[in-house]
Amino acid sequence: MKIKMLIASLFTVCICTMTTLIIATGNVGDLEKLTINREGLEPAFNENITMYSIFVPINVEKIDIVAIPKEKEFSVEITGNENLVEGDNIININVISPKGKIEKNYKIVVTKSRNFENSDSYLLNLIVENAILAPKFTSQNLIYDCGKVASNVNKLKILAFPNNEEAKVEIIGNDELKFGENKIDIKVVSKDLKTNKSYSINVVRESDDKNSLSNVEEEQKNIDKSNKVSIFEMLKNFYIKNMGIINVALVVVLVFIGLLVFKKSIKKK
């Protein structure tokens, strides 16, 4: 009986320890450092921010980048930082696992121009009345969610302010919201027509009372499913990163249990 209680206690300790380590590990594929050889990168680097921008003069042909992953065994692949053309250039910085899988992607939009102001197609601010955007608006981030609106709302009041007042702003998909999921696009074209950006807002228009219960149930099923996938991915990523330590710990626990069982069997004899 004591042996069983001891085994159960050891198992509980192992599970609690692994759970704590998983929570402390953070996101797989984060960069520890991201710098370039020019000033003006916006926003300031943060491992959780994946979209950045910078304006460079017309004579700049290449951007030198230093990107260091948090996990030492991971590698970084950088594309699009050479042979820059006039207008927008997208640099992709992929953080790759030892198995060759792209775990995370960072982007830098490099706008090469003779006149920064005329080539600016970023929004200064984006506001949806009676709604909160998630994540919080920044010029570099292009995708947002504003949650749910009531079934009697068929259009959002959207205020989109470009950095350059002479840039053209067009809102598409907001004239007649359908029940369920909707995607609204805000397209911005610079004054000189050299660059453009496409922001998007995801919104859910609630159905009428007859269908509301079934929609809630379906949404809960999707949430449960996504949570299961997230937990599985978290466990898998943690094991890949800490495979050696986990295997050693399991061997030690198994050996310890084996010795206890062996000791008990000797006493019985």
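Leaving aside its neighbours within four places in sequence, Asn182 is in contact with Leu177, Ile201, Asn202, Val203 and Arg205, where contact means heavy atoms within 4.5 Å. This residue belongs to strand S11 (residues 180-189); helices (H or I, at least four residues) and strands (E, at least two) are DSSP runs, numbered from the N terminus. Asn182 is buried, with a relative accessible area of 8%, given that buried means under 20% relative accessible area, exposed over 50%, and partly exposed in between (1.4 Å probe, protein chains only). Its side chain reaches two backbone oxygens, that of Lys178 at 2.8 Å and that of Gly180 at 3.0 Å.

A word on the basis of these values is in order. The model is a predicted one, in which local features need pLDDT of at least 70 and side-chain atom pairs count only at pLDDT 80 or more, while totals for chains, interfaces and linings use all residues. Residues are numbered from 1 along each chain as its sequence is written, and side-chain values use heavy atoms, with hydrogens and water left out.

The chain contains 3 helices and 12 strands. Of its 269 residues, 30% are buried. Its average pLDDT (the predictor's confidence in each residue, from 0 to 100) is 83, and 71% of the residues score at least 70. The pLDDT is below 50 over residues 15-25, a stretch with 8 contacts in the model beyond near neighbours in sequence. Where pLDDT is low, the predicted coordinates should not be read in detail.

Now to the nonpolar interior. A nonpolar core is a set of buried Ala, Val, Leu, Ile, Met, Phe, Trp, Tyr and Cys residues joined through side-chain atoms within 4.5 Å. The largest has 22 residues, of which Leu123, Leu126, Leu156, Ile186, Tyr199 and Ile201 touch the most other members. Two or more residues each come from strand S7 (123-128), strand S8 (143-149), strand S9 (158-162), S11 and strand S12 (196-205). Not counting residues up to four places away in sequence, Leu156 touches Val128, Cys146, Val149, Asn174, Leu177, Ile184 and Val203. Another core, of 19 residues, lies apart from the largest one and includes Ile54, Phe74, Ile91 and Val95.

Strand S5 (residues 87-96) is mostly covered, with 7 of its 10 residues buried. Two strands pair if DSSP finds at least two bridges between them. S5 pairs in the antiparallel sense with strand S4 (residues 75-79) over 5 bridges, and Thr79 stands opposite Asn92 of S5. S5 also pairs with strand S6 (residues 102-113), again antiparallel, over 10 bridges; here Asn94 stands opposite Asn105. The S5 and S6 hairpin has 5 residues between the strands, and Gly100 takes a positive phi near 90° in it.

The loops hold some backbone details worth a look. The peptide bond from Glu42 to Pro43 is cis, with omega near -10°, and Pro43 is in the loop between strand S1 (31-36) and strand S2 (51-57). Ala134 and Pro135 are likewise joined by a cis peptide bond, with omega about 0°; Pro135 is in the loop between S7 and S8. Asn83, in the loop between S4 and S5, has a positive phi near 55° and is exposed, at 64% relative accessible area. Leu193 lies in the loop between S11 and S12, has a positive phi of about 65° although it is not a glycine, and is exposed with a relative accessible area of 68%.

Terms used: A polar contact is a pair of N or O atoms within 3.5 Å; within protein, one must be able to donate a hydrogen and the other to accept it, and residues adjacent in sequence count only if both atoms are side-chain atoms.
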